[in-house]
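Please read them alongside the coordinates.

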Amino acid sequence: MNQLDKSVEQLWDLMDPCTLCPRECKVNRRDGQTGFCCIGDKPVVSSVGPHFGEESVLVGSGGSGTIFFAGCNLGCVFCQNFDISHYRHGNPATIEQLARSMLELQYYGCCNINFVTPTHVAPAIIAALKLAREKGLAVPTVYNTGGYDSVETLKLLEGFMDIYMPDMKYADAKIAGELSAAPDYPHINREAVKEMHRQVGDLKTAKGVATRGILVRHLVLPDNLAGSFEIIDFLAEKISPKTTINVMDQYRPCFKASSHPKINRHPTAEEIQSVRRYALSRGLNVLD
Ligand code: SF4
């Protein structure tokens, strides 16, 4: 058995009892139990298709081949995809169906396969990816994650993922606990980003399209609740001064955010611009 086969087997083992992600719910998902993410051993797919709204380096001419997974290991009160993440709209998919979806996305010209919210269903994704590659899948893969990932699981993805696109949501434990039910997020997230960068390095492109590397997403929250400046310092000092970052300006009070006075408004233009300016001043590669 080669290393990649071993990784697939070890990933399935991490589901029983489940320690796939830092929540470590320890439920037996292959026996039908579910934990925080509310998903069993079979992924639930909410949609599959070319997506032109992602970062331009992921879109190219044929779009990013997104596969949206229902359920999530975070509990963000402002979730912008709450119908998928929290209400879990979608259909269960087999390994074979997932592999076929990847091949179809490639066939229709997508420049990558973009797994959205993959952490809690990583074993099925990797098993399907292995099958799809055996059948000719050649475009890069994107691990599009909320960034609450354990290093142990990430190590088993090495060799399967070409591009990591983690969120860096918070620098402060209290805020992470209040807004995403994950007070250990800042520490876990930083260790995860270090591991991702170790595997794939800084973002590389060919003809303007990403081929390999890490692309960090950071959503600016009102009143600097996301700890934007600290996160930028971390990237510049502990990851790489050439880190590519998307400073995202689209925060709006969704889902349960309206009942949280701290986040019941859009960030101002100046709040967003000050983060962008700071990231540029630290030398990061800030996407337009
Ligand atoms: S993947 Fe789901 S069940 Fe497993 S530890 Fe994480 S939240 Fe819990």
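1. The residues around the ligand are Cys-18, Leu-20, Cys-21, Arg-23, Glu-24, Cys-25, Arg-29, Gly-35, Phe-36, Cys-37, Asn-73 and His-120, where a residue is near a molecule if one of its heavy atoms lies within 4 Å of it. By class, this shell holds six nonpolar, three polar and three charged residues. Ala, Val, Leu, Ile, Met, Phe, Trp, Tyr, Cys and Pro count as nonpolar, Asp, Glu, Lys and Arg as charged, and the others, Gly among them, as polar.

2. This is a predicted model, in which local features need pLDDT of at least 70 and side-chain atom pairs count only at pLDDT 80 or more, while totals for chains, interfaces and linings use all residues. Residues are numbered from 1 along each chain as its sequence is written, and side-chain values use heavy atoms, with hydrogens and water left out.

3. The ligand sits in the largest cavity. A cavity is a set of points, on a 1 Å grid over the protein atoms alone, where a 1.4 Å probe fits but cannot get out; a molecule sits in it if more than half of its atoms lie within 2 Å of its grid points.

4. The protein chain has 10 helices and 10 strands, taken as DSSP runs (helices: H or I, at least four residues; strands: E, at least two) numbered from the N terminus. Its radius of gyration is 18 Å, close to the 19 Å that the globule rule gives for 288 residues, so the chain is as compact as a globular protein of that length. That radius is taken over C-alpha atoms, and the rule is 2.2 Å times the number of residues to the power 0.38. The C-alpha trace spans about 50 × 45 × 30 Å along its principal axes.

5. Of the 288 residues, 56% count as buried (under 20% relative accessible area; exposed is over 50%, partly exposed in between; 1.4 Å probe, protein chains only). Among contacts (heavy atoms within 4.5 Å) with a separation of 6 or more, 69% come from residues 24 or more positions apart.

6. The loop between helix H1 (3-13) and strand E1 (44-51) contains Pro-17, and the peptide bond from Asp-16 to Pro-17 is cis, with omega near -5 degrees. Two other residues of the loop between H1 and E1 are Lys-26 and Cys-38. Phi is positive in both: near 60 degrees for Lys-26 and near 65 degrees for Cys-38. Most residues other than glycine have a negative phi, and most peptide bonds are trans. Lys-26 counts as exposed at 51% relative accessibility, whereas Cys-38 is partly exposed at 34%.

7. Which residues does Asn-246 touch, beyond those up to four places away in sequence? They are Glu-55, Leu-215, Val-216, Arg-217, His-218 and Leu-287. Asn-246 belongs to strand E9 (residues 244-248) and is buried, because its relative accessibility is 13%.

8. Leu-287 lies in the segment after strand E10 (285-286) and is also buried, at 15%. Leaving aside neighbours within four places, its contacts include Glu-55, Leu-215, Asn-246 and Arg-276. Leu-287 and Arg-276 are 11 residues apart in sequence and 9.4 Å apart in space, C-alpha to C-alpha.

9. Val-151 is in helix H6 (residues 151-155) and is partly exposed, with a relative accessible area of 26%. Not counting residues up to four places away, Val-151 touches Glu-191, Ala-192 and Glu-195.

How values were computed: On a 1 Å grid over the protein atoms alone, a cavity is a set of points where a 1.4 Å probe fits but cannot get out, and a pocket is an open set with protein on both sides within 12 Å along at least five of seven lines; lining residues have an atom within 4 Å of a point.
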